[in-house]
Every structure is written in C-alpha cells, then in structure tokens.
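The structure comes next, followed by the points grouped by topic.

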Amino acid sequence: MENIKLSIDKAFGFVSQEAVAAYQAQVENANKMLEEGTGKGNDFLGWLHLPSSIDAAHLMDIENTAKVLKDNCEVVVVIGIGGSYLGAKAVIDALSNSFDWLQTERKNPIVVYAGQNIGEDYLYELQELLKNKKFGIISISKSGTTTEPALAFRLLKTQLEEQRGKEAAKKLIVCITDKARGALRTLATQEGYKTFVIEDNIGGRFSVLSPVGLLPIAVAGFDVRSLVEGALFMEKHCGTETPFAENPACQYAAVRNELYKSGKKIEILVNFHPKLHYVSEWWKQLYGESEGKDGKGIYPASVDFTTDLHSMGQWIQDGERSIFETVISVKEPNHTKIFPHDDANLDGLNFLAGKRVDEVNKMAELGTMLAHVDGGVPNLKIELPKLNEYYLGQLIYFFERACGISGYVLGVNPFDQPGVEAYKKNMFALLEKPGYEEATKAIKARL
Ligand code: PA5
C-alpha cells in the first residue's frame, strides 16, 4: 500500500545535503524529547499517541452522536475558533464535493461554521439562513471562555430554542470542552447537553483527531475510523524507531530549519486542488502558533495554484528571495475528466484532446516547480496517493509530529501561544469587561 511521501531533493542546491544530514542528532533528540516528554510544553503532548489511544467505544460514541445530528438536522453549525474549528473544516472541505452547498439531494447535513469571527453581517446572514431550517449545534471551546464562539453560541442557542423548543433543542446541541472548567462546561452541565471532553494535555491546534475534529467530520458523513487509521500509521512511521533518513517528520523538520537558517524566512504551502485551501489554513495555525515566538519562526503562508499563479505567482517567481515552497501534490484525483477534440479547434486546444485534465494540472505543477527552483525558490513536495480520509489522517499526524520536532530544533516551546492573549486583554478593556477596570483606564488614556 502506498503512503504519503516527502521529497526534499529540490531544496538541495539552496542548502546542501550534508547540512541537512547534519541535523540528524539534533532532530532525533527532539523526537526523543517528544516521546519521553522531557522538552518544553511537555504537559501538552496528549496528541502524540492519540491515534493509538482512541478506542472502539470512543469512536462508537462519536458516530452515534453524529447520527443523532444527521437524522435530525439539515444544517449543523460548528462553533469554534482556531484549533477548535480549522482541523474539522480542513478535512471536511478536502473530502466534500466542491459545490456541496448547492447539492439538493443530501445524505448528510451541511456543515457551516460560526464563532470563528465577530462579523455582524456574517452572524446576521447565518441566522437568516437558519430560519425555518432544522439545525443543530456543535459548540467547541477548550477553555470554554473564548469570546468569539461564546457570543455565537448564545445567539444560535437562543434561535434554536425558539425554533424547536427548549427540550428538543437540548438533543441537538453537543458541547466539546474541558472536563471540569470553563463557562461552556457549566452551561452544558446545567442544560444537560451531550458533551465530549478535550483532554487537558491536547492543545487546540493539535486537537483535530480528538472529538473536536472527529465529531464534525463524522456529521459531514466522512469515515473517522479511516482518518484515525491513517494517523496511526504515521504515529508509528514518524516515531523514534524510524531512522532519520526514512522518517518524514524528521526530514521535514531538518530541511525547513536549515532553509530558515539560510535566510528562507517564509514557507509557502502550495496546493493544486482548491479543496485543500483549508488544509493550508489549518497548517498555518499549527506552524504559526507553534513556532512564531521569542522573535523567531518561519512565517507560514499559503497559495492555491494554479489560481494564485495569476496573482502571487509574480512575487514568488521574482520577489525577495526569502521564501521556500512546500507543495502538496495529489497523485490520483477521485474523478476522471478527458478533454474533448473539437474539429474547428478555434481555441487551439486540440493538442490537449484525449488528455485528462489532471495531466494538464500535473504539467502545471511540474512546470511551476522547475520555474520556481530556477527563480531561487527551494521546493519540497508531499505527495498524497489520493485525497481520502486515510491519507488526510497520515498528513495531519505527519505535520503535527514534524511541528513538535521542528519547534524543539528551533529552540521554542511549540505548545504554548502566549502571543494570542495581548489582543484579548485590550478588547476586554475596551469593552469594559468586569475585572478589567485598571486596564480600561490605561487603554482609554492612550486613545
Ligand atoms: O491552538 C489553540 O490553542 C488556539 O487556536 C485555540 O484553539 C483557540 O484560541 C480557541 O480556543 P478555545 O478552544 O479555548 O476556545
């Protein structure tokens, strides 16, 4: 059976093979620190053996809960922000029909999102859409106190109770939060909602294989068992027993740290399938929040090709040479589309007749990679044999493990996010939240 494959040869020439190989001891040590729990942030390593610790009863609970929502809802609103929604959206978008929202004959509810912004128009328009619709809510917040999802939950819970009645609404709300702490836990206990726990030792951005990701993915109709199986394969393959040269997480961590050291400060995650857009958003959070601290860290950016070749392509080919690319390539699409012959050939495209559209896409991918390498952009490639649950599970765990290793090599704590608190403090002070009186005075003096 094929597995996802990392190729780093198109980075050589920018950094030497020897320099990357020289990371072996450091990278293996970082991987060991993860395994033995001896590094910074070691109280947040619950994700490390999550795939192998998920048992049949847990998966059954997820699937049964998903079935209640599937049987009773046309729409399920996943409420959460950051790590509490990006993983689910990444997987659901990658596996869904590109025009999912237009499909009239549905086997599964449509999944929409709230609590990931505070846009008044967004919330107004969502609530209008949900009027007279049978909808349910999955409310996700590890801390149970994050403002954006809490605000959305109050609005949508009220609407659901008005539309279905308080008792019926109870069966259509599932909360995923801390086992004891936080306002969401208190509320769920008092109202008697079905709940799942986010374990203390799993940070938001590493939580996609917990109920945070698995429940919404199951509601959307996808196979969470296969997703977990794929992750389990990578848990073993990226572990400390796999030698450096064959360990994709170790190789990725080594090459990106060497590229960073050589002045490549920005990593652009590239896809050639627009369904992968949110995989990049999830990846950006994973690497940005994990590595961007203490004045250090590769800036994670992303583009969707070939679309963005017609916009950002100029910058990538020709702008400041501070970037490298990591291309996610899908070997075999799920559908076949043969380009037709046209006798008149007015568009001059008969040279493509009989070819698959994917062949054109693949040549765009290869041509772009060669052009960018020629233009001074190192290229890494991660090939997925297919876009399905199993390989997405592999990809997720590979990126998580490599992120932990890479963060340790960089010398940061990959599992905290002190920088995200600054805006919250100012926002609460400006909104005059009780308890923030001093901060309110101080911030008003600055205005
Ligand atoms: O990765 C993280 O820890 C963050 O992105 C959180 O997931 C995000 O801030 C949401 O936090 P919470 O789940 O506590 O509402």
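Which pocket holds the space taken by the ligand? The ligand takes up space in the second largest pocket. The model is predicted, so local features need pLDDT of at least 70 and side-chain atom pairs count only at pLDDT 80 or more, while totals for chains, interfaces and linings use all residues. Residues are numbered from 1 along each chain as its sequence is written, and side-chain values use heavy atoms, with hydrogens and water left out.

**Ligand surroundings**

- There are 13 residues around the ligand, and Ser84, Ser141, Ser143, Thr146 and Gln285 come nearest; a residue is near a molecule if one of its heavy atoms lies within 4 Å of it.
- This shell consists of 9 polar, 3 charged and 1 nonpolar residues. In this classification Ala, Val, Leu, Ile, Met, Phe, Trp, Tyr, Cys and Pro are nonpolar, Asp, Glu, Lys and Arg are charged, and the others, Gly among them, are polar.
- In the side chain of Thr146, an N or O atom is 2.5 Å from an oxygen atom of the ligand.
- Polar backbone atoms of Gly83 and of Arg205 are each 3.0 Å from an oxygen atom of the ligand. A polar contact is a pair of N or O atoms within 3.5 Å; within protein, one must be able to donate a hydrogen and the other to accept it, and residues adjacent in sequence count only if both atoms are side-chain atoms.
- On its own the ligand has 380 Å² of accessible area, of which the protein covers 87% (Shrake-Rupley method, 1.4 Å probe; for residues, only the protein chains shown count as cover).

**The second largest pocket**

- A pocket is an open set of points on a 1 Å grid over the protein atoms alone, with protein on both sides within 12 Å along at least five of seven lines; lining residues have an atom within 4 Å of a point. A molecule sits in a pocket if more than half of its atoms lie within 2 Å of its grid points.
- The second largest pocket contains about 940 Å³ of space; a volume is the space filled by probe spheres set on the points, which are joined across faces, edges and corners.
- Its lining has 36 residues, with Thr146, Glu289, Gln417, Val420 and Lys424 nearest the centre.
- Two or more lining residues come from each of β4 (135–141), α7 (147–164), α13 and α17 (421–430), and α17 gives the most, with 5 residues. Helices (H or I, at least four residues) and strands (E, at least two) are DSSP runs, numbered from the N terminus.
- This lining divides into 13 polar, 12 charged and 11 nonpolar residues.

**Cavities**

- The whole structure has 2 cavities of 30 Å³ or more, a cavity being a set of grid points where a 1.4 Å probe fits but cannot get out.
- The largest cavity has a volume of about 60 Å³, and its lining has 9 nonpolar residues, 1 polar and no charged.
- α16 (389–410) supplies the largest share of that lining, 4 residues.
- The second largest cavity, of about 30 Å³, is lined by Ile4, Lys5, Leu6, Met234, Pro248, Ile382 and Phe398.

**Backbone features**

- Most residues other than glycine have a negative phi, and most peptide bonds are trans.
- The bond from Phe305 to Thr306 is cis, with omega near 10°, and Thr306 is in the loop between β8 (299–304) and α14 (313–318).
- Asn132 has a positive phi of about 65° and is in the loop between α6 (120–130) and β4.
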